[in-house]
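Student: I have a model open and would like to learn how to read its features one by one. Could you walk me through it?

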Amino acid sequence: MKTLQQVQSELKEYDGEIIKIMEVCGTHTSSIFKNGIRSLISPKIKLISGPGCPVCVTSSAYIDKLVDYSLMENHCVLTFGDMMKVKGNRLCLTQATAIGGNVKILYSPLDSVKIAMENRQTQYIFAAVGFETTTPIYALLIEEMTKNHIKNLKLLTSLKTIIPALSFICENEVNIDAFLAPGHVSVIIGSNAFNDLANKYHKPFVVAGFEGEHILAAIYEIVQQIKNKQSNVKNMYMNAVSDEGNEKALTMINQYFEKADEYWRGIGIIEQSALKLRPEFAEFDAGSTFEEYKENPPAGCRCTDVILGRINPNECPLFSTICTPLNAIGPCMVSTEGVCGIWFKNREA
């Protein structure tokens, strides 16, 4: 077994063909900066980011609908804080509150149960955004709503699944050689979920934790696989991720949600990439289907190229000049998991 020092030395001295590795999860991106990973590896090993921020790929039409709800009489939108500044085609929720919109920031979806029970005259709309990591909590929320006979709380869902998105990237972006698979999502779906992708597209998928040494070990595994012309799924986060995933969480997801096609902001429709409420739970749905998706991307914004791994954020002409966290032009600058926001925070690193 190699020591960490040996792994680091080999990665630093690597002089083969350029290897492009996409880290899908924003937490991995943050950890790469925090631990100075790029300075520890060869410049021929390129780390690029992917569409692992659910807020960043939430459609403008979804934001528009939240804004409309916030401005309706006796309605209130419940949301996490990182949704407030994501712009729709007209306004963001922060701007909506400035003209009288009713929006309340929560820290847990389950807080909405108490709020709705205490204010029965108000119709609450919860902005349910996320990947498989957060979907089980929304299933639990529906259980609580049913148990407490809550009729004045509905979910507007933008819940996405990561495997179809990675399949889309493998199919359309030919310059990505391997994937640092998302750790948090993998806890739910399991490492075996990546097997079909690895076999079909002949690319390594390595599940890793979030400490610096975890990421270095995963990069080393990827480099070794590519040097040996292998394309395997490797679970290197075994203390949190199993092969089959979290069976209880997956059962809850399947009980309340079903797969559907979904629009990803900056990408387009990805088939069977959404989790929508099953018809038998339609009473809890605030209208999470859209007849059309209109996107008016700001001139010069290259969020699409960023989330597809074509460029790094600092290659966008708006980055850190016009587009900053205080004046976010594109969605990738808004969320704490957004790659542009992470790069901005660490731009001197």
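Student: At roughly what angle do the axes of helix 1 and helix 11 cross?

Tutor: Keep in mind that this is a predicted model. The axes of helix 1 (residues 4-13) and helix 11 (residues 212-227) cross at roughly 55° and come within 10 Å. An angle of that kind makes helix 1 oblique to helix 11. The crossing of the two helices is left-handed.

Student: Which residues make the contact between helix 1 and helix 11?

Tutor: Helix 1 contributes L4, V7, E10 and L11, while helix 11 brings in E213, L216, I219, Y220, V223 and Q224.

Student: Let me pick L11, which is found in helix 1. Is L11 buried or exposed?

Tutor: L11 counts as buried because its relative accessibility is 1%, and the cut-off for buried is under 20%. Leaving out residues up to four places away in sequence, L11 touches L40, I41, S42, I45, L216, I219, Y220 and V223. For a distance along the chain, take L11 and Q230: they are 219 residues apart in sequence, and their C-alpha atoms are separated by 18 Å.

Student: Now helix 6, please. Which residues of helix 6 are buried?

Tutor: First the general idea: an α-helix has 3.6 residues a turn, so residues three or four places apart point the same way. In helix 6 (residues 111-118), the buried residues are S112, V113, I115 and A116. They lie on the same side of helix 6 because they cover an arc of only 170° around the axis.

Student: Which exposed residues does the face of helix 6 turned away from its buried side carry?

Tutor: That face carries K114 and E118. As for the buried residues of helix 6, they pack against strand 3 (75-79), strand 4 (103-105), strand 5 (123-130), helix 7 (135-147) and strand 6 (153-159).

Student: Over how many bridges do strand 5 and strand 6 pair?

Tutor: They pair over 7 bridges in the parallel sense.

Student: How many residues of strand 6 are buried?

Tutor: Strand 6 is mostly covered, with 6 of its 7 residues buried. Helix 4 (residues 60-70) is also mostly covered: 9 of its 11 residues are buried, including Y62, I63, L66 and V67. Its buried residues are covered by elements that include strand 3, helix 5 (93-98), strand 4, strand 5 and strand 6.

Student: One last feature. In which sense do strand 10 and strand 11 pair?

Tutor: Strand 10 (residues 257-264) and strand 11 (residues 268-277) pair in the antiparallel sense, over 7 bridges.

Key:
Residues are numbered from 1 along each chain as its sequence is written. This is a predicted model: local features need pLDDT of at least 70, side-chain atom pairs count only at pLDDT 80 or more; totals for chains, interfaces and linings use all residues. Side-chain values use heavy atoms; hydrogens and water are left out. Buried means under 20% relative accessible area, exposed over 50%, partly exposed in between (1.4 Å probe, protein chains only). Helices (H or I, at least four residues) and strands (E, at least two) are DSSP runs, numbered from the N terminus. The arc is that of the directions from the helix axis to the C-beta atoms. Contact means heavy atoms within 4.5 Å. Two strands pair if DSSP finds at least two bridges between them. Axes are lines fitted to C-alpha atoms, for helices over the stretch in contact, and angles run from 0 to 180 degrees between N-to-C directions. Angles under 35 degrees count as roughly parallel, over 145 as roughly antiparallel, 65 to 115 as roughly perpendicular and the rest as oblique. A crossing is left-handed if the near helix is turned anticlockwise from the far one by less than a right angle, and right-handed if clockwise.
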